Amino acid sequence: MLAKYIRLSSQDDDCRPGEKAESNSVVNQRSLLDHYIASHPDLTGRYALEFIDDGHTGFNFDRPGVQALFAAVKRGEIDCILVKDLSRFGRNSVEAGEYLERVFPLLNVRFIAVNDGLDTKTREYGIAGDLDVGARNIINELYSRNVSANVKTAKRQYAARGECIAAYPFYGYVKGAENRRQLEIDPPAAEVVRMIFDLWLEGHFRTAIANRLNEQNIPSPSMRKRQLGVKRTSWSKRRDEVPWTEAAVRIILQNERYTGKLISLRSTRREIGNPNQKVVPKEEWVVVPDAFEPIISEETFHRAQALFRVVPPRGQIQSNRPQPLFARKVFCGICGMGLAYQRISRPYYKCAMSRGQQREECKSVHIAEDDLKTCVLSELRARIAGKQESETEDAPTIQGRITALEQRIEKQWSAKKDAFVRWSNGLISKAEYKNICAEKQQEIQRLRGEIEKLNGLVFSGPRADSKDSIQSLNIEELTRETLDALVQAVRVFDDGRIEINWKI
């Protein structure tokens, strides 16, 4: 059976999303291959399957069309592959050469690149070591790298002029009818953005805002894109209705571009052909103020950001439920994520990392609220009743060193959380994430050892350094006010051990 393979890169695509099912370049490649088959008697009349990758880079073989082709070859269904030229098959000289010189000959698969005049059937000794083929593969790879560099330069120039370089505009905007690089307000979506900011500034929770939008049947960002005619193959497997979520609301609230500021090139590919992105330092972003009409004011945006750093009054807690005692105080000792409160007959806390990304140790991290309360209260009373270090001249110096070490431990935990966020967003690999966690955990253990040497305690407790000594407190019951005043963080480990960091 014959196989026609057709590929079009996203950078030489000549159609806009949603305008037509396939580009003219795909049509032209198909026509070329069909004409070649019709003009060669040994191919004419044979059934031909067609494999297409429209909008995929040729620098790697992580493409659905070519993977389906390889699967058919392995099943013995394909014995001849036709492509327009070698660059359509692949631009990575090493990988393309591996298939042409070893894989296809081993499986007795004939390979034809029409425009390059390559037909492995006519090569008596195959193409291994063929200077012409090897040179073409190298030229294709160099061409791809050159195109990539030129595209990056062009994008930076467009961005510096305040023009949109994204394939799709972000929620609340559409691309201009006359100038596709100029963003214009999408009135219905812009009104929703203003509503979200208003509700947030009034003290509503992000989950409550998402629920309200769903109750009013307001299309979510992805649904709005579909309404505007945007088409993406990767969306076809998703459900028809995509609701608003807390994450979607948060993304909108933290998007500074709604003030009319163009912010571009915040991430870049790690290497050509690798879809994984790496974060670009903030100082290297391209930022252009007043690039398009704003939806909200700068003042409104900054007021909204300030609310991310404050605890809402108890009276504004969602559904009038009391705030969990250890909310934003208890964390997983393995991954550093906050423990989620489970409101059942006997409330408990468990690691909040999603199941698909949860480490095996995190599954054992859970503790009942009353057990946690008893443990913290007992430790607090022990610290109060215990003897503090003698009031010596060296005491202030020792306390300062302990404080500095505790601050360094907190930075290590923050680094672990940041690594998890980067991994979950696909910015780093799982192996890199594990290496970072192991490195930070090792540093945390080292710092803890230094603290133990300084004060001889397993926990770094509060210390009396004024007339209003902690020893004068009489803690009968553990309250939220007491936790806010005395406890920095509580960490629960998979073996049931807890660790408390106290405030000074």
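Reader: At what angle do the axes of H6 and H10 cross?

Author: They cross at roughly 50°, and the axes come within 10 Å. Axes are lines fitted to C-alpha atoms, for helices over the stretch in contact, and angles run from 0 to 180 degrees between N-to-C directions. This is a predicted model, in which local features need pLDDT of at least 70, side-chain atom pairs count only at pLDDT 80 or more, and totals for chains, interfaces and linings use all residues. Residues are numbered from 1 along each chain as its sequence is written, and side-chain values use heavy atoms, with hydrogens and water left out.

Reader: Which residues of H10 are buried?

Author: In H10, residues 298-306, the buried ones are Thr300, Phe301, Ala304 and Gln305. Buried means under 20% relative accessible area, with a 1.4 Å probe and protein chains only. These residues cover an arc of only 135° around the axis, so they are on the same side of H10. The arc is that of the directions from the helix axis to the C-beta atoms.

Reader: And what covers them?

Author: The cover includes H6 and helix H9, residues 246-253.

Reader: Back to H6. How does it pack with H7?

Author: H6 (residues 187-201) and H7 (residues 206-215) pack at an angle of about 140°, with axes 10 Å apart. H6 is therefore oblique to H7. Val192, Met195, Ile196, Leu199 and Trp200 of H6 make the contact with Arg206, Ile209, Arg212 and Leu213 of H7. Of these residues, seven are nonpolar, none polar and two charged.

Reader: Zooming out, how many helices and strands does the protein have?

Author: The protein has 14 helices and 17 strands. These are DSSP runs numbered from the N terminus: helices are H or I with at least four residues, strands E with at least two.

Reader: How much of the protein is buried?

Author: Buried residues are 41% of the 504 in the protein.

Key
Angles under 35 degrees count as roughly parallel, over 145 as roughly antiparallel, 65 to 115 as roughly perpendicular and the rest as oblique. Contact means heavy atoms within 4.5 Å. Ala, Val, Leu, Ile, Met, Phe, Trp, Tyr, Cys and Pro count as nonpolar, Asp, Glu, Lys and Arg as charged, and the others, Gly among them, as polar. Buried means under 20% relative accessible area, exposed over 50%, partly exposed in between (1.4 Å probe, protein chains only).
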